[in-house]
Amino acid sequence: KKRSVWNEEKLQEKAIEYRKMQRDLKARQEDAGLELKKMEEQQLAPIRKDLDKVIEKVAKQKGLLVILPTEVIMYAADSVDVTGDVIKALNASGK
């Protein structure tokens, strides 16, 4: 309804203002995303450190040379899956 009242100059001004607001919003979203990622990494770092120690301990106990995350494995027999052992060791460590 306002469109019929506004002249072309006012419409262009509002369009520019709208695009600026969109750019500002996008920049704020990106900044918030980066901040969130940084906070997540800070919170998870000690957990990952503890988990790495437990994984290393399990690998040494079982005489394993490599433990890979399931995301990089196409197929593995259940007999080589040490996930349960790692979970048990992590729970036993109290961390």
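Let's start with valine 72, which lies in the loop between H1 and H2 (helices are DSSP runs of H or I with at least four residues, numbered from the N terminus). This is a predicted model, in which local features need pLDDT of at least 70 and side-chain atom pairs count only at pLDDT 80 or more, while totals for chains, interfaces and linings use all residues. Residues are numbered from 1 along each chain as its sequence is written, and side-chain values use heavy atoms, without hydrogens and water.

Valine 72 counts as exposed because its relative accessibility is 56%; exposed means over 50% relative accessible area, buried under 20% and partly exposed in between, with a 1.4 Å probe and protein chains only.

Now follow helix H1, where glutamate 13 and lysine 10 lie three residues apart, about one turn of the helix. Their side chains meet in a salt bridge (3.8 Å, N to O), a term for a side-chain nitrogen of Lys or Arg within 4 Å of a carboxyl oxygen of Asp or Glu. Glutamate 13 is partly exposed at 42% relative accessible area, and lysine 10 is partly exposed at 29%.

Lysine 14 and glutamate 17 also meet through their side chains in a salt bridge, again at 3.8 Å from N to O. These two are separated by about one helical turn because they sit three residues apart in helix H1.

Further along H1, glutamate 56 and lysine 60 are four residues apart, and the closest N and O atoms of their salt bridge are 3.0 Å apart. Here glutamate 56 is partly exposed at 43%, whereas lysine 60 is exposed at 63%. The whole structure holds five salt bridges.
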